[in-house]
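Subject: Structure handover

Hello,

Here is the structure we talked about. My notes follow below it.

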Amino acid sequence: MAKKKLRTIKETAIQNHCPECFNQELELHFYQKHLYSRMYHKITAEVTHQIKCNKCGSTIYPAQWTDDIERIFNYYQKMAVPEKSTVRFTKLFYVVLLFLMFAVAGAAYLFMEGLIPF
């Protein structure tokens with residue numbers, strides 16, 4: 001089973017008022033999803049975001065955003081450039097692939113020599 005991890009690609013403090021406590025200590029985070037498995041490491045194109053108040057600790061959801069928060073979010077969203085989505089295979093993948101290739105080659109050799117009747 002692949003483990004999911006969100007990596008921060010952009011993090012900034014914004015000077016807008018929190019809709020909960022009306023303080024100006026908001027942080028905007030953009031995350032990109034990475035999947036880790038024994039056979040591969042995959043970087044997905046999925047980007048998520050979160051706005052959190054440092055004073056009251058509440059998460060500000062899009063339904064609570066003011067026009068100012070939305071404008072700032074759109075500006076920083078353009079600046080948050082995610083990594084290119086790729087798949088990198090691990091050493092274990094290549095070892096298993098090499099083992100399977102040798103097993104198929106050995107079975108073919110034994111079949112050609114007549115040692116394995118089918």
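K33 is buried, since its relative accessible area is 19%. (Buried means under 20% relative accessible area, exposed means over 50%, and partly exposed lies in between, with a 1.4 Å probe and protein chains only.)

Some ground rules before the rest. This is a predicted model, in which local features need pLDDT of at least 70, side-chain atom pairs count only at pLDDT 80 or more, and totals for chains, interfaces and linings use all residues. Residues are numbered from 1 along each chain as its sequence is written, and side-chain values use heavy atoms, with hydrogens and water left out.

Salt bridges

A search of the whole structure finds two salt bridges. The criterion is a side-chain nitrogen of Lys or Arg within 4 Å of a carboxyl oxygen of Asp or Glu. K33 forms one with E46, and the closest N and O atoms are 3.4 Å apart. This pair links distant parts of the chain: K33 sits in strand 2, E46 in strand 3, 13 residues apart. (Helices, H or I of at least four residues, and strands, E of at least two, are DSSP runs numbered from the N terminus.) E46 counts as partly exposed, because its relative accessibility is 40%.

R71 forms a salt bridge with D68. Here the closest N and O atoms are 2.4 Å apart. The two residues are three apart in helix 1, so about one helical turn separates R71 from D68. R71 counts as exposed at 53% relative accessibility. D68 counts as partly exposed at 42%.

Strand 2 and H29

H29 is also in strand 2, which covers residues 26-36. Is H29 buried or exposed? It counts as buried, because its relative accessibility is 11%. The side chains of H29 and E27 are joined by a polar contact of 3.0 Å. (A polar contact is a pair of N or O atoms within 3.5 Å; within protein, one must be able to donate a hydrogen and the other to accept it, and residues adjacent in sequence count only if both atoms are side-chain atoms.) Leaving aside neighbours within four places in sequence, H29 is in contact (heavy atoms within 4.5 Å) with K10, E11, T48, H49 and Q50.

The core

The largest nonpolar core has 13 residues. (Such a core is a set of buried Ala, Val, Leu, Ile, Met, Phe, Trp, Tyr and Cys residues joined through side-chain atoms within 4.5 Å.) I14, L26, L28, F30, I51, I60 and W65 touch the most other members. Strand 2, strand 3 (40-53) and helix 1 (67-79) each give two or more residues to this core. In soluble globular proteins, nonpolar side chains tend to be buried together.

I51 has contacts with I14, L26, E27, L28, S58, T59, I60, W65 and I69, again leaving aside neighbours within four places in sequence.

The helices

Helix 1 has 13 residues. From first C-alpha to last it reaches 19 Å, close to the 18 Å expected at 1.5 Å a residue. (The expected span is 1.5 Å times one less than the number of residues.) Its buried residues are I69, F73 and Y76. Seen down the axis of helix 1, they fall within an arc of 75 degrees, so they line one face of the helix. (The arc is that of the directions from the helix axis to the C-beta atoms.) These buried residues pack against strand 1 (3-14), strand 2 and strand 3. On the other side of helix 1, D67, R71 and K78 are exposed.

Helix 2 runs over residues 91-113. Its 23 residues should span 33 Å, and its end C-alpha atoms are 33 Å apart, which agrees. G114 follows helix 2, with a positive phi near 85 degrees.

Loops

F22 and N16 both lie in the loop between strand 1 and strand 2. F22 has a phi near 60 degrees, a positive value in a residue other than glycine. F22 is exposed, with a relative accessible area of 61%. N16 is buried, with a relative accessible area of 11%. Not counting residues up to four places away in sequence, N16 touches N23, Q24, L26, D68, I69 and I72.

Y61 lies in the loop between strand 4 (59-60) and helix 1. Y61 is exposed, with a relative accessible area of 53%. Y61 and H49 are 12 residues apart in sequence and 9.8 Å apart in space, C-alpha to C-alpha.

Best wishes
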